[in-house]
Amino acid sequence: GSSGKAFSEDQVDRAVQVLQPIAPRYPDALRSVNVEGTVILRFVVGANGRVEPGSIEVVSTSHRLFAESVKSALLNTRFRPAAAGGHEVRQLVGQGFGFKLNK
């Protein structure tokens, strides 16, 4: 179930996998002034394959609008949950996202 601790990737038999990726939207306000950047987040993917909304933590971001865009995309992304001991479990995931303009 979704209760209990979140496992790290090295504690699971099968790590979380993205099933339906949702690309973060490039914030118009930053695109219009040619700002590029990166976001690093930590979050928990529950045993149901969804990101737990309260678990999203911004580790670093070059601009808060990038972080908001990534958070929004993550909440709509579907994952194959991690598995340990034959059960689907919660997993803590760290992921980086880059925003680059096509010049």
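**Aromatic pairs in a predicted model**

Good morning. The protein has two helices and seven strands, where helices (H or I, at least four residues) and strands (E, at least two) are DSSP runs numbered from the N terminus. This is a predicted model, in which local features need pLDDT of at least 70 and side-chain atom pairs count only at pLDDT 80 or more, while totals for chains, interfaces and linings use all residues. Residues are numbered from 1 along each chain as its sequence is written, and side-chain values use heavy atoms, with hydrogens and water left out.

Let me begin with the overall layout. In sequence order, the elements run β-α-β-β-α-β-β-β-β. The C-alpha trace spans about 50 × 25 × 20 Å along its principal axes. Contact here means heavy atoms within 4.5 Å; of the contacts between residues at least 6 apart in sequence, 78% join residues at least 24 apart.

Next, burial and surface. Of the 103 residues, 35% count as buried, the classes being buried under 20% relative accessible area, exposed over 50%, and partly exposed in between (1.4 Å probe, protein chains only). The protein exposes about 6100 Å², of which carbon and sulfur atoms supply 49%; these areas come from the Shrake-Rupley method with a 1.4 Å probe.

I now turn to the rings. The structure holds four aromatic pairs. Rings of Phe, Tyr and Trp (its six-membered ring) pair if their centres lie within 6.5 Å, and planes under 30 degrees apart count as stacked, over 60 as edge-to-face and the rest as tilted.

Tyr-26 and Phe-99 form an edge-to-face pair, because their planes stand at 90°, with ring centres 5.4 Å apart. Tyr-26 lies in the loop between β1 (17–20) and α1 (28–31) and Phe-99 in strand β7 (residues 91–99), so this pair ties together parts 73 residues apart in sequence. Both residues are buried: Tyr-26 has 8% relative accessibility, and Phe-99 has a relative accessible area of 4%.

The pair of Phe-43 and Phe-79 is tilted, because the planes lie at 45°, with centres 6.3 Å apart. Phe-43 belongs to strand β2 (residues 37–45) and Phe-79 to strand β4 (residues 78–80), so distant parts of the chain, 36 residues apart, are linked. Phe-43 is buried at 0% relative accessibility, and Phe-79 is buried at 4%.

Which residues do ring pairs link into a cluster? They are Tyr-26, Phe-66 and Phe-99.

Finally, Lys-5 lies over the face of Phe-7, at 4.7 Å from the ring centre; the criterion is NZ of Lys or CZ of Arg within 6 Å of the ring centre and within 35 degrees of the ring normal. Thank you.
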